[in-house]
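Biologist: Could you take me through this chain and tell me what stands behind each label you use?

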Amino acid sequence: MIKTALALSTMILISGCSSESEPPASSASTSDTTTDQWVGRWTGVEGLFLEISKDEPAGPGHYLLEMQYGLDAEQSGTFEGQATDEGISFSRDDGQQLLRAGDGEATGMKWLAEKEDCLVVATGEGYCRN
């Protein structure tokens, strides 16, 4: 009798675990909606810029970030980014970075202080739309 109850319980548990069930929604799919709106050109100060494009071959939530992020020639390049709940995560020579939404004040630069639509990497590095 105990073996029968155990076997029946096991069958009930297994039948409730279908391999056809949908996986939980990833946080990247929620982030994609926001970060997809960031595609395009963003302007910094003194010729600095950020150009975001979708990385179609890599799939949804993947971006290419072309940027001049410093005044020196070597402070530029194209970097692969991934959408997260906080923004777009990417890595460059100065380490792991997070691009997030903010305003001109969040950039920490007086030249951008009045702007409302900006993306910020860190205080002192931000890009805004006109």
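Modeller: Happy to; below we go from the overall make-up to single residues. This is a predicted model, where local features need pLDDT of at least 70, side-chain atom pairs count only at pLDDT 80 or more, and totals for chains, interfaces and linings use all residues. Residues are numbered from 1 along each chain as its sequence is written, and side-chain values use heavy atoms, with hydrogens and water left out.

Biologist: What makes up the chain in terms of helices and strands?

Modeller: There are 3 helices and 8 strands, in the order α-α-β-β-β-β-β-β-α-β-β from the N terminus. Helices (H or I, at least four residues) and strands (E, at least two) are DSSP runs, numbered from the N terminus.

Biologist: How do you know that Cys-118 and Cys-128 form a disulfide?

Modeller: Their sulfurs lie 2.0 Å apart, and a disulfide is a pair of cysteine sulfur atoms within 2.5 Å, so the pair Cys-118 and Cys-128 qualifies. A search of the whole structure finds 1 disulfide. Cys-118 lies in strand E7 and Cys-128 in strand E8 (residues 125–128), so the bond ties together parts 10 residues apart in sequence.

Biologist: Why is the disulfide of Cys-118 and Cys-128 called right-handed?

Modeller: Because the torsion about its S-S bond is about 100°.

Biologist: Why is Cys-118 called buried?

Modeller: Its relative accessibility is 1%, and buried means under 20% relative accessible area, exposed over 50%, partly exposed in between (1.4 Å probe, protein chains only). Cys-128, also at 1%, counts as buried. Of the 130 residues of the chain, 33% count as buried.

Biologist: And what makes Met-109 buried?

Modeller: Met-109 has 7% relative accessibility, so it counts as buried. Met-109 is found in the loop between H3 and E7. Its C-alpha is 9.5 Å from that of Gly-44, although the two are 65 residues apart in sequence.

Biologist: Why is Asp-117 called partly exposed?

Modeller: Because its value is 39%, which falls in between the two cut-offs. Asp-117 sits in the loop between helix H3 (104–107) and strand E7 (118–122). Asp-117 also belongs to a negative surface patch with Asp-103, Glu-105, Glu-114 and Glu-116. Patches take residues with over 30% relative accessible area and no salt bridge, like charges being joined within 9 Å and nonpolar side chains (Val, Leu, Ile, Met, Phe, Trp, Tyr) within 5 Å. A salt bridge is a side-chain nitrogen of Lys or Arg within 4 Å of a carboxyl oxygen of Asp or Glu.

Biologist: What about Glu-46, why is that residue exposed?

Modeller: Glu-46 is exposed because its relative accessible area is 59%. Glu-46 lies in the loop between strand E1 (40–43) and strand E2 (49–54), and its phi is near 50°, a positive value in a residue other than glycine.

Notes
Areas by Shrake-Rupley, 256 points an atom, 1.4 Å probe, with all protein chains shown as cover. Lys, Arg positive; Asp, Glu negative; His and termini not counted. Charge placed at Lys NZ, Arg CZ, Asp CG, Glu CD.
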